Structure formats: structure tokens, C-alpha cells
Amino acid sequence: MIVFPKSFLFGTATSSHQIEGNNKWNDWWYYEQIGKLPYKSGKACNHWELYKEDISLMHSLGYDGYRFSIEWSRIFPKENEIDENALNKYREIIELLLERDITPNVTLHHFTSPLWFMQKGGFAKEENLKHWEKYVEIISEILEGVQFVATFNEPMVYVMMGYLTGYWPPFVKNPFRAFNVASNLLKAHALAYSILSGMVKVGIVKNIPIMIPASENEKDKKAAKKADNLFNWSFLNAIWEGCYKSAFGTYSVLESDVDFIGINYYTASEVKYSWNPLRFFFEAKLADLSERKTQMGWSVYPEGIYKAITAVSRYEKPMYITENGIATLDDSWRIEFIVQHLQYVHKAIEEGYDVRGYFYWSLMDNYEWKEGFEPRFGLIEVDYETYERKPRESAYVYGEISQKKEISEELIKKYGLKGL
Ligand code: GAL
């Protein structure tokens, strides 16, 4: 049996655009409508209407934390128009969670932005940060009782997908612009930190893929280090250093801080040397570490969560696993995934690493960005025709872990890694 500290939070995670439905004022929605994205989010999980049921469900399943995001474009559908109804609904969501002893962990930006903001150049233009500040100010009014707020979800994924590879909105492929956006996100974080600090604990959520060299060759090892720096550490370092050292030079950003770091961990990348300066002298692809691949084509590598924790501990801040999950139709594989990753989280805690919570991605099946509705990450199955929710076996197993703050010997025997 393994036992977690009594105060350890076991929660689930979602994001606004992926579950709410009809988020028609943001950039993703726009590109979905004009056919630049393969799938339309439509009503998504219809959570905007079913939020009460969803909160009751997570309560009855025994989860004590919930990470969700506020949709900026719902609060400001137009530049100078605040939707009070939307603001009140988010306040109601917070209150419902608090009433049920579910600790809310609020994210202010989870990939989507208001379309009007993007039409003005989004985070590529520093002068636009005044709009972000206004949004944060408004949100600060509904946070009573909330302890944790993250400014950005996976800022480097946002930069890489939107501005470097051009795979996601706004489909830009421009490394100069990409690093400029990263530097403005750092400034935006600092501005939000100064508005919210003292009121709530302010953090940032960073995806930490483990960078594995493709071979023992020195060049590949160096390349992996470079990728690790570029993707993982240069961004986080800049928060305290007040300057962002990108591949193209140094940007001065505002010195700031965080009260916690959220780690999103899914899998590892394999990195090898490349001669190509436009690729920053490395090439990264999904690492092939397990025979079985998830619906996303990802390998399962539980040890990676331990590596992510130990690496992020360099900042000496409380850590939360803000996302970790698997897309699969095989729910017993999901149970195995959770048990094995939690075994490694527990190992880290035993060794003294300051990890205070784990949020499974996701509470329910949802709109998985460019992959649409096919990947099933949910503890709860969603029927996209009736919007009926059906907890899977894993939902109950995870609920029991959450309630007891322990993983039973029986579960470890059946699903766990030996010798951990
Ligand atoms: C994360 C992202 C989530 C979700 C998840 C699974 O990178 O924050 O929105 O899509 O990956 O792919």
C-alpha cells in the first residue's frame, strides 16, 4: 500500500474551449468555422449548460480538486464589452466547488483568446497587454475563496504550435515572432502576478516533456540538452531573471515570481542532432518507449513524471501535477496509467520533493484540439449525441484513491510497477 499526505489534492482538469461548447468569440472557433481546423468544437461537452451536474458528479466521485480555465472571450466577447452573465456563471462555478469542498485551480489562459484580441495581433504585440491586464483585473473580482490561479497553460506549447510550426491558430511559422510572443507572455505573467499576488497563490502551468538523446553520441546528447533548455528552462528561468534568453538573443521581460509551478506531463521526446540552424540544430520527435501507443500515438513512460518533478524542483517552489492522462478506449489501461504515474509521484514525495497535488487529464472526454473528439481522455465517458455522462471504472478507482489518499496493495499488485 502507498500512502499520500492527508493534504495531498487529487483532482481532475479540463479547459474551457474543450468542454463548454459554443465558445464562438474566440480564435479557435473562428478557424473551425472557416475550415482551417479539421473539427468543429460545436457544443463540445455542453458543460456551459451542464456545469451543475458535472460538479455534482465530481463531488460524488470523491475528487477534491478541480482545475478549469476561464474563457477570456466569454468575459470580453468584444473589446469594450463585458458579459456580466458569463462572469456570474464562473463565480457560481467557483461557489459550487467551494460548497462541495473541491479546491478550484483556475487557469486564466488555456490556448484560446478572444478573436478581436487576435485581430489586433494578440500576444505578438506588447501594446496589447493592456487588454490582458483589464481581463485579469475583472477576474480578480470573482476569486473570493480561490487559492490557486495559473496565468498561462503551457506557454511554450502555445508559442510552438501557433507561431513556430504553424500547426495551430494563428498558423504563423516565424521563429522571430515566436520568441517575441514568448517574451510577451512572460510580461503578461508578470503583470498578472502583480495584480493577483497576495490575493491568491499565482502559478504557471508548464508542459515538461522529457528530452531523451537519440543515441549515446555526444552530438545527440548536446542536442537533447539544447531542446530541453529551449523548450523547458529558458522560459521558466526568465520569470526570475527578468530577461528571456531565446535562440535569437535576449529579450528583457519584467522580473516576477510564482507561488507554485504546475507540471503537465504526458510523454517523452527523442532528440537528435541536426545540421540545420533553422531547426536550432536539433530534431525532436515522439520517443518510442512502449510497445503500445495511446490514441494520440504517444508512448507511456511513467518514470518521466518523476524526472519532470525532480527537474522542476530546481526552482524550489511547491509543485502540482496539473495534467497527466491517457487517451484510450481501454479503461483498464487508464487505471494502470494512473496507478503507475502515482507510484512515481509518491516516490518523489517520499524523497522530499514538494509535490502537493495531482490533477488527472481529463474529468471527461472532450474536444482534443486538432484531433477532435476521437481521443478519449476522460474518467467519464461523454455521449456526444445526448451529452450523457457515464463514469468509467477508472473514475471510481481514482475516486477511491482520492478519498483514502492511498493506493491499495490490491491495485498495486494488479496494475502497479514492481519494485517501486
Ligand atoms: C495538454 C493541453 C490540454 C490537453 C492535453 C492532452 O497539452 O493543455 O488542453 O489537450 O494536452 O493532449
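View 1. The shell around the ligand divides into six nonpolar, three polar and three charged residues. Ala, Val, Leu, Ile, Met, Phe, Trp, Tyr, Cys and Pro count as nonpolar, Asp, Glu, Lys and Arg as charged, and the others, Gly among them, as polar. Around the ligand are Q18, H110, F111, N153, E154, Y266, W298, E323, W361, E368, W369 and F377, each with a heavy atom within 4 Å of it.

View 2. An oxygen atom of the ligand lies 2.8 Å from a polar side-chain atom of H110. For N153, an N or O atom of the side chain is 2.9 Å from an oxygen atom of the ligand. The side chain of E323 likewise has an N or O atom 2.9 Å from a ligand oxygen atom.

**View 3. A salt bridge between E20 and R74.** A salt bridge here is a side-chain nitrogen of Lys or Arg within 4 Å of a carboxyl oxygen of Asp or Glu, and the count by this rule is 22. In the E20 and R74 pair, N and O are 2.7 Å apart. E20 lies in the loop between α1 (16-19) and α2 (27-33) and R74 in helix α4 (residues 72-75), so the pair ties together parts that are 54 residues apart in sequence. Helices are DSSP runs (H or I, at least four residues), numbered from the N terminus.

**Notes.** Residues are numbered from 1 along each chain as its sequence is written, and side-chain values use heavy atoms, without hydrogens and water. In this predicted model, local features need pLDDT of at least 70 and side-chain atom pairs count only at pLDDT 80 or more, while totals for chains, interfaces and linings use all residues.

Methods. A polar contact is a pair of N or O atoms within 3.5 Å; within protein, one must be able to donate a hydrogen and the other to accept it, and residues adjacent in sequence count only if both atoms are side-chain atoms. Helices (H or I, at least four residues) and strands (E, at least two) are DSSP runs, numbered from the N terminus.
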